[in-house]
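Have the structure open and follow along.

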Amino acid sequence: MRQKVSQIGNSDLNAELDCSLHAGTPLTEAHSMNATPVRDRLRRLVPSKIKRFLRQFLPQGLIHAKDYVGTDRTSGQLQFELLKREGLGPGSKVLEIGCGCLHAGIPLIQYLEKGNYVGVDPNEWLRQEAMRDRRVRQLVTDKQARFLSVDDFDASELGIKFDLVLSHSVLSHCAHGQLEQFLRNASKVITPGGRILASIRLAQGNACGSSGTPDQEDSMHEKWQYPDVSWFRLSTITKTADTLGLMVVHIPKYTEFYTRTRPHEFHDWVVFFWKR
Ligand SMILES: C[S@@+](CC[C@H](N)C(=O)[O-])C[C@H]1O[C@@H](n2cnc3c(N)ncnc32)[C@H](O)[C@@H]1O
């Protein structure tokens with residue numbers, strides 16, 4: 001029955017509700033929610049009850065993938081917008097670490113020139129669910145987007161240097177030791193002027209609703225935490241980055257911007273780049 005529904009109607013619903021091709025209309029540089037394209041603004045007016053009702057018509061596998069990553073196309077648009085603030089242009093080469101079911105990947109692939117997007121995620125099934133949509137498959141093919149199913153954050157086998165790395169809600173769940181591994185391998189593939197934009201959870205909490213840890217210390221998890229969260233002191237992040245020759249900047253404004261639309265996702269945002 002579900003398949004039948006998906007055949008008669010779901011491609012339009014997919015497009016409207018999902019990590020769809022329409023997601024490619026970028027938010028503006030002005031990054032004011034008031035400055036978003038009309039279609040995005042209209043879509044936000046659709047009551048969440050209706051969105052929830054329509055969601056049932058998505059393919060079950062995609063619903064599962066979306067539930068797994070816990071984000072949606074709006075989150076992807078916000079991530080896309082933050083990357084624009086970090087200098088994203090159509091000619092940028094972008095690596096997304098933890099690309100999930102392509103909520104940010106689709107608008108990025110649409111926007112970027114051919115061959116300029118690479119997504120990394122060990123859970124290949126997530127992007128496969130997104131690519132069940134013919135138009136997503138076509139987009140990926142037309143734009144020559146590439147994917148790696150590795151879990152060490154290492155995309156160096158492709159021999160590409162990236163201008164930007166995006167990683168949303170990956171460091172927020174990683175084991176303590178994975179922070180160093182992430183930075184070592186992500187920095188290996190950035191250009192001299194490259195930037196790594198990542199969300200993470202700061203042990204100190206933030207003004208947008210994150211409590212941080214009770215003692216404001218690193219959570220020191222030995223394993224990947226999911227869907228639980230791991231925490232880092234900003235000083236730990238700074239020291240780890242420093243040992244690799246990287247600088248880090250914490251940008252609370254990115255959290256404010258993101259939580260204006262997604263009030264319950266109060267990740268902290270940091271940007272890493274090479275020391276001069
Ligand atoms: C909370 S989801 C976020 C997905 C995506 N960034 C988004 O915003 O929709 C976390 C993602 O990290 C991926 N992941 C888990 N371990 C990873 C690893 N070692 N390297 C890269 N991605 C990983 C998961 O498969 C999942 O897609």
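## Strands, a helix and a ligand shell

Strand 4 and strand 5 (residues 190-200) pair in parallel over five bridges; strands count as paired if DSSP finds at least two bridges between them. Helices (H or I, at least four residues) and strands (E, at least two) are DSSP runs, numbered from the N terminus. To get from strand 4 to strand 5, the chain passes through helix 9 (residues 178-188), and this β-α-β crossover is right-handed: with the strands pointing away from the viewer, the path from the first strand over the helix to the second runs clockwise.

A word on the model: it is predicted, so local features need pLDDT of at least 70 and side-chain atom pairs count only at pLDDT 80 or more, while totals for chains, interfaces and linings use all residues. Residues are numbered from 1 along each chain as its sequence is written.

Strand 4 also pairs with strand 1, again in the parallel sense, over three bridges. Two bridge partners are handy landmarks:

| Residue | Bridge partner | Strand of the partner |
|---|---|---|
| leucine 95 | valine 165 | strand 4 |
| serine 167 | alanine 198 | strand 5 |

Five of the six residues of strand 4 (residues 162-167) are buried, so the strand is largely enclosed by the rest of the structure. Here, buried means 20 or more other C-beta atoms within 10 Å of a residue's own, exposed means 12 or fewer, and partly exposed lies in between, with C-beta atoms placed from the backbone.

Now find glutamate 86, in the loop between helix 5 (73-85) and strand 1 (94-97). Glutamate 86 counts as partly exposed because it has 19 C-beta neighbours inside 10 Å. Beyond its neighbours within four places in sequence, glutamate 86 contacts Leu164, Arg195, Leu197 and Val271; a contact has C-beta atoms, placed from the backbone, within 7 Å.

Which residues of helix 8 (residues 134-142) are buried? They are Val136, Leu139 and Val140. Seen down the axis of helix 8, the buried residues fall within an arc of 95 degrees, so they line one face; the arc is that of the directions from the helix axis to the C-beta atoms. These buried residues pack against helix 6 (105-111) and helix 7 (124-130). On the other side of helix 8, Arg134, Gln138, Thr141 and Asp142 are exposed.

Finally, the ligand: of the 20 residues around it, Thr71, Gly98, Gly100, Asn123 and Ser169 come nearest, where a residue is near if its C-beta atom, placed from the backbone, lies within 6 Å.

How values were computed
Contact = placed C-beta atoms within 7 Å.
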